Amino acid sequence: MKSERGITLTALILYVVVAMATVTAIAGLSSFFVSNMNEVKAQEKYAPEFNKFSMFFIGDVKNNKTAEVTTTQVTFEDGTVYQYRASEKAVYRNDTKITEKVDNFSFVSSTEQISSTIKQIINVKMSIGGKVNLKNGIDYTLRYW
């Protein structure tokens, strides 16, 4: 009888193929993970710019009942003006720059009626540094009480 010690050439090739497939899958996942981590690191540079805008804008939205809105400017009833200057890629509150590195920015006004109450809503769409992108925008509801 033949001795059946060791592995055959076919089994060895099969083991090598399975090992290569496993290494390839792990390398792909690792590459995906690293690229996503770089994306997250890039976003952390621009998130504070959005936070600065939002902090000021929320305060003014909650203190005013009405606002005149154009695509690049909002004027609240108390005289506070927000303006996007595309040439500078910046948003200004009155004459003070509050946000930089803004690639795209727009305001859209709408109203909504619930029972007998009419609410004015300002939708803000922005893209900051190509990383923070609010395509659908964020709705801010002006004070209605």
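Predicted model: local features only at pLDDT ≥ 70, side-chain atom pairs only at ≥ 80, totals over all residues.

Biologist: What share of the residues count as buried?

Modeller: That's 26% of the 145 residues. As for contacts between residues at least 6 apart in sequence, 43% of them join residues at least 24 apart.

Biologist: OK, on to the sheet. In what order do the five strands sit?

Modeller: The order is β1-β2-β3-β4-β5, in an open sheet with antiparallel pairing. β1 (67–69) and β5 (96–99) are at the edges with a single partner strand each, so one side of each has no neighbour in the sheet. From one strand to the next, the twist averages 25 degrees.

Biologist: Can we zoom in on a pair? Over how many bridges do β3 and β4 pair?

Modeller: Four bridges, in the antiparallel sense, between β3 (residues 81–85) and β4 (residues 90–93). Arginine 85 stands opposite alanine 90 in β4, and tyrosine 84 has valine 91 as its bridge partner there.

Biologist: What is in the turn of that β3 and β4 hairpin?

Modeller: There are four residues between the two strands, and lysine 89 in the turn has a positive phi of about 50 degrees.

Biologist: And how many residues lie between β4 and β5 in their hairpin?

Modeller: Two residues, and asparagine 94 in that turn has a positive phi of about 55 degrees. β4 and β5 pair in the antiparallel sense over three bridges, with tyrosine 92 standing opposite lysine 97 in β5.

Biologist: New topic: the core. How many residues does the largest nonpolar core have?

Modeller: It has 21 residues, and those with the most contacts inside it are Phe53, Phe57, Phe76, Phe105, Phe107, Ile122 and Val124. The elements giving two or more residues to this core are α1 (9–62), β2 (73–76), β3, β6 (102–114) and β7.

Biologist: Which element gives the largest share of this core?

Modeller: α1, with five residues.

Biologist: You listed Phe53. What is phenylalanine 53 in contact with, leaving aside neighbours within four places in sequence?

Modeller: Its contacts are Tyr82, Val91, Ile98, Thr99, Phe105, Phe107, Val124, Met126 and Tyr140.

Biologist: Buried or exposed?

Modeller: Glutamine 120 counts as buried, because its relative accessibility is 14% and the cut-off for buried is under 20%.

Biologist: What does the side chain of glutamine 120 make a polar contact with?

Modeller: The side chain of serine 109, at 3.1 Å. Apart from neighbours within four places in sequence, glutamine 120 is in contact with several residues, among them Lys65, Thr66, Ala67, Val69, Tyr140 and Leu142.

Biologist: Great, thanks!

Key. Residues numbered from 1 in each chain as written. Heavy atoms only, no water. Pairing = 2+ DSSP bridges. Axes fitted to C-alpha atoms, helices over the stretch in contact; angles between N-to-C directions. Buried < 20%, exposed > 50% of the residue type's maximum accessible area, 1.4 Å probe, protein only. Polar contact = N/O pair within 3.5 Å; in protein donor to acceptor, adjacent residues only side chain to side chain. Contact = heavy atoms within 4.5 Å. Core = buried A, V, L, I, M, F, W, Y, C linked by side-chain atoms within 4.5 Å.
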